[in-house]
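Please look over the sequence and the model first.

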Amino acid sequence: MKVVVLGATGGMGRAVSRRLAERGDRLFLLGIDAKELERSAADLTLRGKDRDPVGFAECDLEDPACFEQALSLADAHLGGFDTVIVTAALFGTGERLEEDTVFAHRLLVANFANTIAFCELARKRLLSRGGGTLCVFSSVAGDRGRKPVFIYGASKAGLSTYLEGLDHRFRSEGLVTVCVKPGFVKTQMTAGLKPPPFAGEPDQVAALVVRAIDKGTPVVYAPRAWALVMFVIRALPRFIMRKVGF
Ligand SMILES: NC(=O)c1ccc[n+]([C@@H]2O[C@H](COP(=O)([O-])OP(=O)(O)OC[C@H]3O[C@@H](n4cnc5c(N)ncnc54)[C@H](OP(=O)(O)O)[C@@H]3O)[C@@H](O)[C@H]2O)c1
């Protein structure tokens, strides 16, 4: 595969990129920090089967004006990508987002409107060459309105709905959409938060994500236990959701 990754410099994006490089897929990285991108590209080049140089370019999820150029650079380096992975997102605790309305607005724009804008540009390029795979990280937080994550969760609920519709609309034309819904995973994003039961590691998630990309699975809960947890949560009546702190 020829893969573009937005968010490969940390957490689950880094773990997925390492697995892909190690099995011989070609990569191009997009992110905000040039030094981190350079470091990650060097690491992935060394891990790569053919030591094929991994390319990179700056791309800020908060600045949609840079998306088109970033994707053009990826296309030029890879000779036309066939897979796009988006793990980048903003996160804030419920308390922070309830207090800081400016940051809450930034998060909603980045995680919802800008992520969709990026996906739309990527899917047009993929469809113009007969299709490919768009794998985007949403969250279990978008499955249900919950007390501690209602703003972040709303951004991911909107994203999940977009990804489901995209899959229905374009799969017959060759565009496969994979929506990843992680539960709690130990990364920089969750550093300092108390891990709940079923907390996962990035590499555990990466194994499931790579398998889902290979199979074209439309929705993947990771770690797996979260599929069952969210099955129960989705079934709970509202009067119970209002009482519990989950
Ligand atoms: N961790 C969890 O428990 C959890 C649970 C549910 C869903 N998720 C979702 O899973 C995805 C990956 O999460 P993670 O825990 O792996 O996150 P992470 O460790 O914080 O990594 C996020 C990656 O996105 C990049 N990034 C951040 N802001 C960006 C921006 N404005 N433009 C471009 N790149 C940006 C980061 O780059 P730098 O390293 O340079 O900042 C980093 O490479 C996210 O969409 C998150 O919402 C995570």
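The model is predicted, so local features need pLDDT of at least 70, side-chain atom pairs count only at pLDDT 80 or more, and totals for chains, interfaces and linings use all residues. Residues are numbered from 1 along each chain as its sequence is written.

**The chain as a whole**

The secondary structure comprises 9 helices and 7 strands, where helices (H or I, at least four residues) and strands (E, at least two) are DSSP runs numbered from the N terminus. The radius of gyration, taken over C-alpha atoms, is 17 Å, close to the 18 Å that the globule rule gives for 246 residues, so the chain is as compact as a globular protein of that length; that rule is 2.2 Å times the number of residues to the power 0.38. Buried residues make up 41% of the 246 residues, a residue being buried if 20 or more other C-beta atoms, placed from the backbone, lie within 10 Å of its own.

In strand β2 (residues 26-31), 6 of the 6 residues are buried, so the strand is largely enclosed by the rest of the structure. Arg26, Phe28 and Leu30 point one way from β2, while Leu27, Leu29 and Gly31 point the other way. Strand β1 (residues 2-6) pairs with β2 in the parallel sense over 5 bridges, pairing requiring at least two bridges found by DSSP, and Leu6 stands opposite Leu30.

**Two residues and their contacts**

Asn111 lies in helix α5 and, with 26 C-beta neighbours inside 10 Å, counts as buried.

| Residue | In contact with |
|---|---|
| Val136 | Val86, Thr115, Cys119, Leu159, Leu163, Cys179 and Val180 |
| Asn111 | Ala89, Leu90, Ser155, Lys156 and Leu159 |

**Around the ligand**

The ligand is surrounded by 27 residues, the closest being Gly11, Ala88, Ala89, Thr187 and Met189; a residue is near if its C-beta atom, placed from the backbone, lies within 6 Å. Helix α1 (residues 11-22) supplies the largest share of this shell, 3 residues.

Note on methods: Contact = placed C-beta atoms within 7 Å. Buried ≥ 20, exposed ≤ 12 C-beta atoms within 10 Å, placed from the backbone. Lists of a residue's contacts leave out its neighbours within four places in sequence.
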